[in-house]
Amino acid sequence: MLEIKNLHATVDGKEILKGLTLSVGAGEVHAIMGPNGSGKSTLSYVLAGRAGYEVTGGSIIYKGEDLTAMSPDQRAAKGVFLAMQYPVEIPGVTTLTFLKTALNAQRRARGEKDVDAVGVLRLVREKAKALNVPEEMLKRALNVGFSGGEKKRLEILQMALFQPALAILDETDSGLDIDALKLVAEGVNALRAPDRAMLVITHYQRLLNYIVPDRVHVLAKGRIVAEGGKELALKLEAQGYEQIIKDAA
Amino acid sequence: MNALPNRRVEDWKYSDLRNAIDAEVVASAPTAAWAIASSAGAVDIADLPAIMPRGEHGAMAETAIASAKAGPSVRLGKNERGAAHLHLTEGGHGRALIVVEDGASLALQETVLAGSFANVAVEIVVGRNARLTHVRHAPRNDAVQVIDYSVRVAEGGVYRAHFADFGGKLSRTELHIALDGEGAQTHLSGVGPLNDRHADVTTHVTHASGKTQSTQLFKYVAGGTARGVYQGKVTVAAGANGSDSRQTAKGLLLADSAEIDLKPELEILADDVKCAHGAAVGDLDAESLFYLRSRGIPENEARALLMRAFIGDAVDEIEDEAVRASIWQAVDAALEGLL
């Protein structure tokens, strides 16, 4: 599904990713763990195609295609979804209008027919119910005045609505209390599927108690320095990043 | 005739009329022509009366008043309901009178179809507990236009107006509004989606009596070599206690070659008043743009969505659903031209 080879990327001319290699197969959930400043968020933005995050070397192949050649919206239409750490507030655009516009833009790019307003509402309601997103939230401006938990829930609602093939979750646990965390994790787990891959990016092991990964990768200074099964996350929690990074060196 | 207002005159700093048009053209311009596109209810339409009310006006209105030989008078009698749609069909110097008598309610629409030059002075009188809702639509053109409204609102009266100005070679809208009786209100809004054109709204609202209210919300989106101007002065007279005034003007600058000038101003001579103003000019937010695109929305569609969101609250100030929809249509078309 996703093959990243020797990836180098810069932000504002500064190299952040320094030869990152990673492979994620369909149906798998991989966790990327790393200390602050290791390049976790840079990786997620590079995968989503944010301007200013420049790939200077290596390759990202997604479903056999060069991902770096695609615009952010093309990536989304092809099934790449990034649940953001800090979802943006957009006054003047209601949440439901946004969801409808995005869903139909993706469908149009794939040559599929638009879903009409009633159809979108039905789809959104169904997903919203499972994630405990009240209807009233959908009528408000996108993310404006939403609590941290509400914003994250809406990210997962989008994931459920768009049904991406590759979901990247960037620090989805940050700012969540334990109840919200469980709810979000349930939402994510419900989307685990044989034809879907997930990349869960997190600083803390906590989230991985609820979203259990198939593989864990440790990111430090722009490279993957250690890899293992889900037990690696527990080891990290017990020993701290410093020890693991030192052992790997 | 005196020299035309130019950028050395403070009020006209951002709208240099002398530079935009030949003084000879102004001096020799004919009387403007109007048409009544439609009217409903007990609206009485006639020629201007011999004796006209005169409120505060700007410099160019003097010329319009001196030069215009005729014009329409739209009057709605006490406690009546009505609607009227005015077209300015031919340019030149123009005058008009709008009177809404006590307790009456008039919906006024105005569309500008003028030629290359128009200079119009309009007197508006809103009676006690009367209500005038006014929407002016000036489609994008290449003309030089100055329109100057003098509005007097009596006790308990409401003047609610929206100005959708898509710009011209030079387009200047002046509003001189006197809230003359206790509880009088004015609510002004406007949008200027401008592509290589100029639009200027200059307002002066005077809270002459107590417990008067004014709100203003103006939004510009400027691309290419466009220039959007908002100059808003609010005066709260001595003794006009309990008055409430809010002014907001915002601009979205899409190109380095475009310019937006926002100048809210307050003059408070009374105690116990609530006044607030804000002005800001910015660019489309890169983070918002990326967020929308990461959800599959193509760049142009995302930009249009953000521009629409920016301008939306000002358009939504228009209460009449059909009129609002028609302005939205024009705004959407203009925003598409700005992509």
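The legends below describe close-up views of a predicted model.

**View 1. Chain A as a whole.**
Chain A holds eight helices and 12 strands. Its radius of gyration is 18 Å, close to the 18 Å that the globule rule gives for 249 residues, so chain A is as compact as a globular protein of that length. Of the 249 residues in chain A, 55% are buried.

**View 2. The salt bridge between B:Lys263 and B:Glu10.**
Side chains of opposite charge can pair when their charged atoms come close. B:Lys263 and B:Glu10 form a salt bridge, and their closest N and O atoms are 3.3 Å apart. The two residues belong to distant parts of the chain: B:Lys263 sits in strand β17 of chain B, while B:Glu10 sits in the segment before α1 (17–20) of chain B, 253 residues apart. B:Lys263 counts as partly exposed, because its relative accessibility is 25%. B:Glu10 has a relative accessible area of 58% and is therefore exposed.

**View 3. The salt bridge between B:Glu110 and B:Arg136.**B:Glu110 pairs with B:Arg136 in a salt bridge whose closest N and O atoms are 3.5 Å apart. B:Glu110 lies in strand β6 (residues 105–112) of chain B and B:Arg136 in strand β8 (residues 131–138) of chain B, so the pair ties together parts that are 26 residues apart in sequence. Are these two side chains buried or exposed? B:Glu110 has a relative accessibility of 5% and counts as buried, because buried means under 20%. B:Arg136, at 4% relative accessibility, also counts as buried.

**View 4. The salt bridge between B:Arg197 and B:Asp142.**
In this view the side chains of B:Arg197 and B:Asp142 meet in a salt bridge, with 2.7 Å from N to O. The pair links distant parts of the chain, 55 residues apart. B:Arg197 is in the loop between β12 (185–195) and β13 (198–207) of chain B, and B:Asp142 is in the loop between β8 and β9 (144–153) of chain B. B:Arg197 has a relative accessibility of 17%, so this residue counts as buried. B:Asp142, with a relative accessible area of 57%, is exposed.

**View 5. A network of salt bridges in chain B.**
Four residues are shown here: B:Arg131, B:Arg160, B:Glu317 and B:Glu319. Salt bridges link them in a network. Over all chains, the count comes to 31 salt bridges.

**View 6. A patch of negative charge on the surface.**
Which residues gather in this patch of negative charge? They are B:Asp256, B:Asp283, B:Asp285 and B:Glu287. B:Asp256 is placed in the loop between β16 (244–253) and β17 (259–268) of chain B. The relative accessible area of B:Asp256 is 86%, so B:Asp256 is exposed.

**View 7. B:Ala249 in strand β16.**
B:Ala249 is part of strand β16 of chain B. Its relative accessibility is 1%, so B:Ala249 counts as buried. How far apart are B:Ala249 and B:Ser73 in sequence and in space? They are 176 residues apart in sequence and 32 Å apart in space, taken from C-alpha to C-alpha.

Definitions and conventions. Residues numbered from 1 in each chain as written. Chains lettered and ligands numbered in written order. Predicted model: local features only at pLDDT ≥ 70, side-chain atom pairs only at ≥ 80, totals over all residues. Heavy atoms only, no water. Patch = residues over 30% accessible without salt bridge, like charges linked within 9 Å, V, L, I, M, F, W, Y side chains within 5 Å. Areas by Shrake-Rupley, 256 points an atom, 1.4 Å probe, with all protein chains shown as cover. Lys, Arg positive; Asp, Glu negative; His and termini not counted. Charge placed at Lys NZ, Arg CZ, Asp CG, Glu CD. Helix = DSSP H or I, 4+ residues; strand = E, 2+ residues; numbered from the N terminus. Buried < 20%, exposed > 50% of the residue type's maximum accessible area, 1.4 Å probe, protein only. Rg over C-alpha atoms; globule rule 2.2 N^0.38 Å.
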